[in-house]
Amino acid sequence: MINIVLFGPPGAGKGTQAEHLKEKYSLKHISTGDLFRYNIKNETELGKLAKSYMDKGALVPDEVTIKMLNAKVEEHLDSKGFIFDGFPRTKAQAQSLNELMESKDSQINAMVALEVPDEVLVERLLERGKTSGRKDDANEEVIRNRIKVYYNETEVLKEFYKKEDKYYGVDGVGSISEITNRISKVVDSL
Ligand code: AMP
């Protein structure tokens with residue numbers, strides 16, 4: 001299995017790149033944001049809970065997020081590996097992911113972190129908000145809060161994966177295919 005954590009602030013292009021990489025490497029793409037949005041659309045209890053956090057740009061509690069992620073991984077154990085997009089976002093999530101992978105005699109092979117300046121992120125998200133239908137993309141205050149939450153709660157995970165010698169920073173500014181090529185160089189080297 002090849003398991004990749006695709007990392008970066010909101011608007012870095014994780015979802016877009018995951019779509020390309022999953023085809024290229026036949027990996028299962030798991031986006032916790034997409035899973036929450038699916039639950040919101042279907043008006044599940046999980047969706048109702050997640051929405052109250054997502055609307056503010058805050059993180060959904062670890063316990064709920066980890067449980068949902070673990071269940072999704074269990075469903076796709078026959079795949080060649082996973083691209084985790086938007087997960088982990090906290091140290092507890094990263095530790096839990098390591099434990100999950102170990103329990104499957106597998107591991108996270110790399111964290112690929114897309115690097116994009118903040119002002120480009122805000123611009124991209126506001127632009128995406130015009131068509132994505134995502135409430136959390138339409139409001140600049142919520143966008144800025146999501147970026148703040150990333151720096152306050154999530155960015156520390158770079159250190160977590162650096163310690164494990166699994167951190168790869170990639171320039172996230174450029175055309176979609178340029179960025180896919182940059183990430184592919186990392187994946188091919190694993
Ligand atoms: P995303 O689609 O990755 O931008 O996620 C959208 C929103 O879903 C985030 O702002 C959080 O409210 C929630 N979310 C997604 N993934 C996670 C996670 N791993 N931990 C906590 N909250 C999450």
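Biologist: What percentage of the 190 residues of the chain count as buried?

Modeller: Buried means under 20% relative accessible area, exposed over 50%, and partly exposed in between, using a 1.4 Å probe and protein chains only. Here, 47% of the 190 residues count as buried. Please keep in mind that this is a predicted model, where local features need pLDDT of at least 70, side-chain atom pairs count only at pLDDT 80 or more, and totals for chains, interfaces and linings use all residues. Residues are numbered from 1 along each chain as its sequence is written, and side-chain values use heavy atoms, with hydrogens and water left out.

Biologist: How many helices and strands does the chain have?

Modeller: Helices (H or I, at least four residues) and strands (E, at least two) are DSSP runs, numbered from the N terminus. This chain has ten helices and five strands. Its radius of gyration is 16 Å, close to the 16 Å that the globule rule gives for 190 residues, so the chain is as compact as a globular protein of that length. That radius is taken over C-alpha atoms, and the rule is 2.2 Å times the number of residues to the power 0.38.

Biologist: Which residues touch the most other members of the largest nonpolar core?

Modeller: A nonpolar core is a set of buried Ala, Val, Leu, Ile, Met, Phe, Trp, Tyr and Cys residues joined through side-chain atoms within 4.5 Å. In the largest one, with 26 residues, they are Val5, Leu69, Val73, Phe84, Leu97 and Tyr161. Elements giving two or more residues to this core include strand E1 (2-7), helix H4 (62-75) and helix H5 (91-103). A second, separate core of 21 residues includes Leu27, Val112, Ile179 and Ile183.

Biologist: What does Leu97 touch, leaving out residues up to four places away in sequence?

Modeller: Contact means heavy atoms within 4.5 Å. Leu97 touches Val5, Leu69, Phe84, Phe87, Pro88, Ile108 and Tyr161 on that basis.

Biologist: Is Ser96 buried or exposed?

Modeller: Ser96 is buried, with a relative accessible area of 13%. Ser96 lies in helix H5 and touches Ile66 and Asn70, not counting residues up to four places away in sequence.

Biologist: Where does Gly8 lie?

Modeller: Gly8 is in the loop between E1 and helix H1 (14-25), and at 9% relative accessibility Gly8 counts as buried. Not counting residues up to four places away in sequence, Gly8 touches Lys14, Leu114 and Tyr150. Gly8 and Lys158 are 150 residues apart in sequence, with their C-alpha atoms 9.6 Å apart in space.
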